[in-house]
Amino acid sequence: MTNSYNETEMLDEATLSELERMEKEATPGPWRLDVDWTYEIIDANDAIIGKVVQASEDHDRVAEAALIVALRNAAPSLFRLARLGLEAEKLLESAQAEL
């Protein structure tokens, strides 16, 4: 699977649609994080679906694992807001073109 999203690009309709498709194919949320030496990402059915391992004491991986879980759980709301933003942008462009 490839991800065509580049963080330097603006989020457009095609990218948003691809992200939504990927979200629908992923393990459904909500996910939660079980913190120990290995940070386990657990789905709504209590199945372990991923692990983030503490590779060294120099860098705490709990932040990365927590971000993965938080973004997965927030994805549907973030996508709705992104769609609203794209629609608002279209309306603004249309209004400016009429001036």
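Is E23 buried or exposed? E23 is buried, with a relative accessible area of 16%, where buried stands for under 20% relative accessible area, exposed for over 50%, and partly exposed for what falls in between (1.4 Å probe, protein chains only). We'll get back to its surroundings after a look at the whole chain.

A quick note on ground rules: this is a predicted model, so local features need pLDDT of at least 70 and side-chain atom pairs count only at pLDDT 80 or more, while totals for chains, interfaces and linings use all residues. Residues are numbered from 1 along each chain as its sequence is written, and side-chain values use heavy atoms, with hydrogens and water left out.

Start with the overall layout. The chain has two helices and three strands, and reading from the N terminus the order is α-β-β-β-α. These elements are DSSP runs, numbered from the N terminus: H or I over at least four residues for helices, E over at least two for strands. Of the 99 residues in the chain, 21% are buried. The accessible surface comes to about 7,300 Å², and carbon and sulfur atoms own 57% of that; the areas come from the Shrake-Rupley method with a 1.4 Å probe, and for residues only the protein chains shown count as cover. As for contacts (heavy atoms within 4.5 Å), take those with a separation of 6 or more: 38% of them are between residues 24 or more positions apart.

Now the sheet. It is open, has three strands in the order β1-β2-β3, and pairs them antiparallel. β1 and β3 sit at the edges with a single partner strand each, so one side of each has no neighbour in the sheet. On average, neighbouring strands here are turned by 25 degrees against each other, direction ignored. For angles like this, axes are lines fitted to C-alpha atoms (for helices, over the stretch in contact), and values run from 0 to 180 degrees between N-to-C directions.

β1 and β2 have three bridges, and R32 has I42 in β2 as its bridge partner. Between β2 and β3 there are five bridges, with V52 in β3 as the partner of Y39. β2 and β3 also form a hairpin with five residues between them.

D46, in the loop between β2 and β3, has a positive phi of about 65 degrees although it is not a glycine. At 53% relative accessibility, D46 counts as exposed. The loop between α1 and β1 has something to check too: P30 is located there, and a cis peptide bond with omega of about 5 degrees joins G29 and P30. For background, most residues other than glycine have a negative phi, and most peptide bonds are trans.

On to α2, which covers residues 62-98. With 37 residues, α2 reaches 51 Å from its first C-alpha to its last, close to the 54 Å expected at 1.5 Å a residue; that expected span is 1.5 Å times one less than the number of residues. There is a kink of about 55 degrees at A75, shortly before the proline P76. The bend at a residue is the angle between axes fitted to the seven residues ending there and the seven starting there.

α2 lies across β1, β2 and β3, running at about 155 degrees to β1. Its buried residues are A65, V69, R72, A75, F79, A82 and L86, and what covers them includes α1 (13-25), β1 (32-34), β2 (38-42) and β3 (48-53).

R72 is buried at a relative accessible area of 10%, and touches E23, A26, T27, P28, G29 and W31, not counting residues up to four places away in sequence. N73 is partly exposed at 34%. With the same exclusion of residues up to four places away, N73 touches G29, P30 and W31. N73 and W31 are 42 residues apart in sequence but 6.4 Å apart in space, C-alpha to C-alpha.

That brings us back to E23. This residue is found in helix α1, and touches R72, A75, P76 and F79, again leaving out residues up to four places away in sequence. A75 is also where the kink in α2 lies.

Conventions. Two strands pair if DSSP finds at least two bridges between them.
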